[in-house]
Amino acid sequence: MSLLIKNAGLPEGGQADIYIENGVILHIRRAESGIEDYDARVSLADRIDASGLCVMPAFADMHTHLRTPGQTHKETLETGCAAAVRGGYTAVCAMANTDPVCSSSEQAQFIAGEANALGLCDVFQCVSLTDGFDGKSTRHLDSLSPGGAVRCVSEDGRGVADGAVFLEAVRKANAFGVLPLIHAEDARFSHVDTAAAEDLETLRDLYLIEKYGCAAHFCHVSTRASAQAILDAKQRGAAVTFEVTPHHLALNESVDFRVNPPLRPEADRRFLLDITAAGLTDVIATDHAPHTESDKRAGAPGLVGLETAFPVCYTVLCVQMGMPLTALISMMSANPRRLLGMPEARLGEGFPADLVLADLNVRHTVGASGFASLGRNTPFDGMTYQGAVCAAIKGGNVVYIDDK
């Protein structure tokens, strides 16, 4: 199976033809060095004219809610994966807050297998930090295995109140080479001061991670204090990474939309924007969380983010802040793939042909009614951003193309 992408713009500038065979980038020929003609090898049906588009390594999302099992009225594996590829993602890490909670390697493998059989994107299913989110037991983690199908564990949606249990879970995960994804929230403060709830648990978790030489990744960091504490810990050599979300970068508390953690004051948003533009943030993750309209009206926190992440981030970081596109690619592709234990995706010969084609110049208004996701819960509906994903390629196969 072969595919030829012609006249594609490169993130660092210039133009190239990219020849793909059997899921691997076989040749890249830049315009300035003379583009080899592959027309004799590739049929017309297996060519993409990428004139006016930019080619990038495909994105990977470390924070997606696919709602399977038990909540398929909010999202199915098929609609979630379709939303992913429309956003340029060929890999997603699915959270464990399903019904029932995903608390075993066997359940995680089953869900991932069902999703991967669709052939749209790679799905890595998280297992919960505590058994069934009970906040007490970590016995289920004893069934993890080094190099197994489970890459991450997470109690997403809540923090682990008992510090000793938290440490036990993190150390068990680390022993198997599995990355803990930390939702830092002290629920005792959540109804009083959500910023304090995040900051206090971030500080506790950092202390335990550093003291006992653990490794962990902090999810959806939203306050200046938490972000600064993590940066300070990294400076001291702690094995921690962190993510921010497109909505916490683009929106502040003046936007009336419930997410967890909440949209923050402008000073927090600006700090997150500044450190991300400076290249200090490890990962941008969507926290894609589809809800029905009735659940959202009833106060369910969360938004759908896979299909809006790239234009939002490209606009606020690259267009408005002047951050290089290559830095955005690191946060949306290279770094999450590394943390998920995936093969590196790069625009280079011999690398997997997981690619995105995007129009960096087009301005478009977000229309939630046209999402591939079942969810329509987004604060970005009706807002205008620059940049749009036009095609996604996974393993040399075109899994999404905008044929408008």
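Where is the place of His220? His220 sits in the loop between strand E11 (215–218) and helix H6 (224–235). Helices (H or I, at least four residues) and strands (E, at least two) are DSSP runs, numbered from the N terminus.

This is a predicted model: local features need pLDDT of at least 70, side-chain atom pairs count only at pLDDT 80 or more, and totals for chains, interfaces and linings use all residues. Residues are numbered from 1 along each chain as its sequence is written, and side-chain values use heavy atoms, with hydrogens and water left out.

**Backbone**

Most residues other than glycine have a negative phi, and most peptide bonds are trans. His220 has a positive phi, near 30°. His220 is buried, with a relative accessible area of 3%. Asn7, in strand E1 (residues 2–9), also has a positive phi, near 65°. At 24% relative accessibility, Asn7 is partly exposed. Buried means under 20% relative accessible area, exposed over 50%, partly exposed in between (1.4 Å probe, protein chains only).

| Cis bond | Omega | Loop holding the proline |
|---|---|---|
| Thr68 to Pro69 | near 5° | Pro69: between strand E6 (59–64) and helix H1 (77–86) |
| Asn260 to Pro261 | about 0° | Pro261: between helix H7 (246–250) and helix H8 (266–277) |

**Helix H10**

Helix H10 (residues 309–319) is mostly covered. Of its 11 residues, 10 are buried. Among them are Phe310, Tyr314 and Leu317.
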